[in-house]
Amino acid sequence: HVYELTGQIDEELRTANEELRMATLLDDSEKMAWGNYGLADAYARAGQHALACEHAEKAMDLLGQQDSIIARPIATATYGYALIQASRYEEAANILTEGVHYMERKLSVFDLSVRAYPLLIEGLLGPQWHDPKQCSCASINWVRIRNRVAGRVFPNLRHYSLRTVSYTHLT
């Protein structure tokens, strides 16, 4: 997480690969998911979208139907992020909506999970975020308030929250 926040992609890749290697030795599917969503995040930020989506999907598959209130919201947000970076907005919105509903139902609200709110706004608005006629206000109203609260409660998300809130003022 620190390497993600500081933009050290090489270190994030190194530690995620090590995490995946150790989890594989232990045959621990949840920890293998951690390594895969770490790789997905780094690859997405590095512009390697196919690899990012592949690892994000693998993380979701590894979690299967596990009721992990920590790993599932992070994996879902990471998958949504990878899809957005690949310009697959509708798929991202679907995944992130599912993740947000899970997160809220399980009360799994923490800094790594609530990043799903601004990501969901990006997924819903898609590439036409700048054109108010293309953006359905009704589709983002419910997440807009949660996004603002997340930005206030978790300072490391504030910049992202404010950026996506500025998108929504156009709708």
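**Close-up views of an all-helix model**

At 8% relative accessibility, Glu12 counts as buried, because buried means under 20% relative accessible area, exposed over 50% and partly exposed in between (1.4 Å probe, protein chains only). The legends below describe a predicted model, in which local features need pLDDT of at least 70 and side-chain atom pairs count only at pLDDT 80 or more, while totals for chains, interfaces and linings use all residues. Residues are numbered from 1 along each chain as its sequence is written, and side-chain values use heavy atoms, leaving out hydrogens and water.

**View 1. The whole chain is built on 9 helices and 0 strands.** Helices (H or I, at least four residues) and strands (E, at least two) are DSSP runs, numbered from the N terminus. Following the sequence, the pattern reads α-α-α-α-α-α-α-α-α. Of the 171 residues, 46% count as buried. Take the contacts (heavy atoms within 4.5 Å) between residues at least 6 apart in sequence: 58% of them join residues at least 24 apart. The accessible surface comes to about 8600 Å², with 55% of that belonging to carbon and sulfur atoms; areas come from the Shrake-Rupley method with a 1.4 Å probe, and for residues only the protein chains shown count as cover.

**View 2. Glu12, Asp41 and Arg45 are linked in a network of salt bridges.** Side chains of opposite charge can pair when their charged atoms come close. The cut-off used here is a side-chain nitrogen of Lys or Arg within 4 Å of a carboxyl oxygen of Asp or Glu. Glu12 bridges to Arg45, with 2.0 Å between the closest N and O atoms. That pair links distant parts of the chain, 33 residues apart: Glu12 sits in helix H2 (residues 9-26) and Arg45 in helix H3 (residues 29-45). Asp41 also meets Arg45, at 3.1 Å from N to O. Both Asp41 and Arg45 lie in helix H3, 4 residues apart, about one turn of the helix. An α-helix has 3.6 residues a turn, so residues three or four places apart point the same way. Asp41 is buried at 2% relative accessibility, whereas Arg45, at 25%, is partly exposed.

**View 3. Asp67 and Lys106 meet in a salt bridge, 2.9 Å from N to O.** This pair too joins distant parts of the chain, 39 residues apart: Asp67 is in the loop between helix H4 (49-63) and H5, and Lys106 is in the loop between helix H6 (89-105) and helix H7 (116-125). Asp67 is partly exposed at 48% relative accessibility, and Lys106 is partly exposed at 32%. Across the structure there are 7 salt bridges.

**View 4. Asn36 is found in helix H3.** Its relative accessibility is 4%, so Asn36 counts as buried. Leaving aside neighbours within four places in sequence, Asn36 is in contact with Leu20, His55, Ala56, Lys58, Ala59 and Leu62.

**View 5. Helix H5 (residues 71-85) has 15 residues, and its end C-alpha atoms are 21 Å apart.** The expected span is 1.5 Å times one less than the number of residues; for H5 this also gives 21 Å, so the two agree. H5 is mostly covered, with 14 of its 15 residues buried. Just after H5, Ser87 takes a positive phi of about 65 degrees.

View 6. In H6, the residues Ala92, Ala93, Ile95, Leu96, Gly99, Val100, Tyr102 and Met103 are buried. Following H6 comes Leu107, whose phi is positive, near 55 degrees.

**View 7. The largest cavity holds about 30 Å³ of space.** Rolling a probe the size of a water molecule over the atoms shows where empty space is left. Here, on a 1 Å grid over the protein atoms alone, a cavity is a set of points where a 1.4 Å probe fits but cannot get out, and lining residues have an atom within 4 Å of a point. Grid points are joined across faces, edges and corners, and a volume is the space filled by probe spheres set on the points. The count comes to 1 cavity of 30 Å³ or more. Pro73, Thr76, Ala77, Leu96, Gly99, Val100, Met103, Ser113 and Ala116 form the lining. H5 and H6 each supply at least two lining residues, and the largest share, 4 residues, comes from H6.

How values were computed. On a 1 Å grid over the protein atoms alone, a cavity is a set of points where a 1.4 Å probe fits but cannot get out, and a pocket is an open set with protein on both sides within 12 Å along at least five of seven lines; lining residues have an atom within 4 Å of a point.
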